[in-house]
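My notes follow in the order of looking.

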Amino acid sequence: MSIGVHLVADLRGVSASKISKLPLMKEIMESAVKSGGLTKIRSHYHQFSPTGVSGVILLAESHLSFHTWPEYGFVALDIFTCGPTENAEAAFEYIIEKLSPVSVEYKKIERGAEFPRGVQKDKSQAAAAIS
């Protein structure tokens with residue numbers, strides 16, 4: 001068990017037409033959040049000139065972020081969630097399905113592996129651990 005799972009991925013060979021402009025990337029990422037059953041708090045996106053998009057979605061469970069380089073057909077993707085692993089993986093699979101990369105290199109990192117997921121310390125215990 002762990003506090004959360006962190007998926008970090010490099011997507012290569014993605015069509016520049018899919019990752020160049022903000023509207024499509026925003027639609028894909030927002031839909032990935034829904035597909036994964038994640039809880040969106042807020043999002044922010046930036047359109048680079050002439051092409052390329054970055055975005056971050058703050059989740060109750062943590063975050064999803066991405067950066068695109070259309071000139072290389074490359075997307076750097078990051079999904080961290082303290083919710084069920086399946087939720088992060090469902091969001092990840094949705095993005096892969098929509099972007100259709102030629103190759104995917106990713107790492108799955110168990111964050112805070114020494115702590116059980118879903119169990120929080122009593123606040124007095126947490127304060128004592130800090131001091």
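**Entry 1: layout.** I am working with a predicted model. Read from the N terminus, the elements run β-α-α-β-β-β-β-α-β-α. The protein chain has 131 residues, and buried ones make up 40% of them. I also looked at contacts between residues at least 6 apart in sequence: 62% of these join residues at least 24 apart.

**Entry 2: the sheet.** I asked in what order the strands of the sheet stand. The order is E2-E3-E4-E5-E1-E6, in an open sheet of 6 strands with antiparallel pairing. E2 and strand E6 (103-111) are at the edges with a single partner strand each, so one side of each has no neighbour in the sheet. On average, neighbouring strands are turned by 10° against each other, direction ignored.

**Entry 3: strand pairs.** E1 and E6 run antiparallel and are joined by 9 bridges; Arg12 stands opposite Ser103 in E6. E1 and E5 are also antiparallel, with 7 bridges between them, and the bridge partner of Leu7 in E5 is Ile79. For E2 and E3 I noted antiparallel pairing over 7 bridges, with Gln47 opposite Val53 in E3.

**Entry 4: helices on the sheet.** Which strands does H2 lie across? I found E2, E3, E4 and E5, with H2 running at about 160° to E2. H3 also packs on the sheet, where it touches strand E1 (4-12), E4, E5 and E6, and its direction makes about 10° with that of E1.

Entry 5: I checked the span of H2: its 14 residues reach 20 Å from the first C-alpha to the last, close to the 20 Å expected at 1.5 Å a residue. Its buried residues are Met25, Ile28, Met29, Glu30, Ala32 and Val33. An α-helix has 3.6 residues a turn, so residues three or four places apart point the same way. In the list for H2, I can follow Met25, Ile28 and Ala32 as one such series of buried positions. The cover over the buried residues of H2 includes helix H1 (16-19), strand E2 (40-47), strand E3 (53-59), strand E4 (62-69), strand E5 (74-81) and H3. After H2 comes Gly37, with a positive phi near 65°.

Entry 6: H3 has 15 residues and reaches 21 Å between its first and last C-alpha, close to the 21 Å expected at 1.5 Å a residue. I listed Thr85, Asn87, Ala88, Ala91, Phe92, Tyr94, Ile95, Ile96 and Leu99 as buried. Their cover includes E1, H1, H2, E4, E5 and E6. Ser100 follows H3, and its phi is positive, near 50°.

**Entry 7: H2 against H3.** I wanted to know at what angle the two axes cross. Helix H2 (residues 22-35) and helix H3 (residues 85-99) have axes that come within 8 Å and cross at roughly 145°. The crossing is right-handed. From H2, the contact uses Met25, Ile28, Met29, Ser31, Ala32 and Ser35; from H3, it uses Ala90, Ala91, Tyr94, Ile95, Lys98 and Leu99. I sorted these residues by type and got 9 nonpolar, 2 polar and 1 charged.

Terms used: Residues are numbered from 1 along each chain as its sequence is written. This is a predicted model: local features need pLDDT of at least 70, side-chain atom pairs count only at pLDDT 80 or more; totals for chains, interfaces and linings use all residues. Side-chain values use heavy atoms; hydrogens and water are left out. Axes are lines fitted to C-alpha atoms, for helices over the stretch in contact, and angles run from 0 to 180 degrees between N-to-C directions. Helices (H or I, at least four residues) and strands (E, at least two) are DSSP runs, numbered from the N terminus. A crossing is left-handed if the near helix is turned anticlockwise from the far one by less than a right angle, and right-handed if clockwise. Contact means heavy atoms within 4.5 Å. Ala, Val, Leu, Ile, Met, Phe, Trp, Tyr, Cys and Pro count as nonpolar, Asp, Glu, Lys and Arg as charged, and the others, Gly among them, as polar. The expected span of a helix is 1.5 Å times one less than its number of residues. Buried means under 20% relative accessible area, exposed over 50%, partly exposed in between (1.4 Å probe, protein chains only). Two strands pair if DSSP finds at least two bridges between them.
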